[in-house]
Amino acid sequence: MRKALLACVLLLACVSGNASAQEEEPVAPYEQSDANAGARPITDPQVLAAFHGREGIERIANRTIDLALADPQLGPIFQPFDMVRLRRTLNEHFCYLLGGGCTYTGRDMRSSHAGMGAQTRDFNLLVRHLRTAMSEEGVSFQMQNRFLALLAPMHPDVVQR
Ligand code: HEM
């Protein structure tokens, strides 16, 4: 018991020692990582405006999920997963990539799609639903392509080999 107490006291001393060392020598400022999102965000403000900012992006992400769930091919793939979480993380993902300044809190593309068996036709179907959602939001074809060009290289991470 005494030993345990001593260990605790020593541990606390180490922890607080480190904290004060960090305060004295600040590390480089925190930078948002592109690693999990799978691409660097678009910085052209015209693109964000074409998507009608954060609100438009949220509508597009939600509509894409609604269309995927209603799709006879994609629905069964999506249904077992937590859609409350996906609505949040997909919205963050789109918002981050479109330069909306959101933080993406989800996993990287490879881990989040591992084991679900998605094939190229599923990928293309999802892109089609995303296109529909963007068209409904009034995003021009040219601006849609700017976003899709960013997502296309994620294909190898999403699709099961
Ligand atoms: C460019 C194409 C795609 C993008 C950008 C994309 C993006 C994302 C993102 C950001 C997440 C959230 C990960 C997390 O919350 O940690 C996610 C999860 C998910 N995606 Fe995709 N995805 C794509 C294609 C697909 C395809 C083709 C399918 C299936 C047919 C699919 C099915 C799912 C499912 C079911 C989840 C939930 C996984 C879970 O919660 O564990 N995705 N996707």
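Predicted model: local features only at pLDDT ≥ 70, side-chain atom pairs only at ≥ 80, totals over all residues.
**Fold.** Along the sequence, the pattern reads α-α-α-α-α-α-α-α-α. I noted that residues are numbered from 1 along each chain as its sequence is written. Local features need pLDDT of at least 70 and side-chain atom pairs count only at pLDDT 80 or more, while totals for chains, interfaces and linings use all residues, and side-chain values use heavy atoms, with hydrogens and water left out.

Buried means under 20% relative accessible area, exposed over 50%, and partly exposed in between (1.4 Å probe, protein chains only). For contacts (heavy atoms within 4.5 Å), I recorded that 73% of those in the chain with a separation of 6 or more are between residues 24 or more positions apart.

**Iron site.** I searched for protein donors of the iron atom of the ligand and found His 113 (NE2), at 2.0 Å, as the only one. Donors are N, O and S atoms within 2.8 Å of the metal (3.2 Å for Na, K and Ca); water is not among the atoms, so sites may look incomplete. I placed His 113 in helix 6 (residues 109–113).

**Aromatic pairs.** I searched the whole structure and found 2 aromatic pairs. Rings of Phe, Tyr and Trp (its six-membered ring) pair if their centres lie within 6.5 Å; planes under 30 degrees apart count as stacked, over 60 as edge-to-face and the rest as tilted. The pair of Phe 51 and Phe 147 is edge-to-face, because the ring centres are 5.7 Å apart and the planes stand at 80°. Phe 51 lies in the loop between helix 2 (45–50) and helix 3 (53–70) and Phe 147 in helix 8 (residues 141–151), so this pair ties together parts that are 96 residues apart in sequence. Phe 94 and Phe 147 form an edge-to-face pair, with 5.1 Å centre to centre and 85° between the planes. Phe 94 belongs to helix 5 (residues 83–97) and Phe 147 to helix 8, so the parts tied together here are 53 residues apart in sequence. I checked accessibility and found Phe 51 buried at 1%, Phe 147 buried at 0% and Phe 94 buried at 5%.

**Helix 7 against helix 8.** I found that the axes of helix 7 (residues 120–136) and helix 8 come within 11 Å and cross at roughly 145°. Axes are lines fitted to C-alpha atoms, for helices over the stretch in contact, and angles run from 0 to 180 degrees between N-to-C directions. Among the residues that meet, I listed Phe 123, Val 127 and Leu 130 in helix 7, and Phe 141, Phe 147 and Leu 148 in helix 8.

Most residues other than glycine have a negative phi. His 52 lies in the loop between helix 2 and helix 3 and is partly exposed, at 40% relative accessibility. I also recorded Glu 55, in helix 3, as exposed at 58%. Glu 55 and Cys 95 are 40 residues apart in sequence and 9.5 Å apart in space, C-alpha to C-alpha.

How values were computed:
Helix = DSSP H or I, 4+ residues; strand = E, 2+ residues; numbered from the N terminus.
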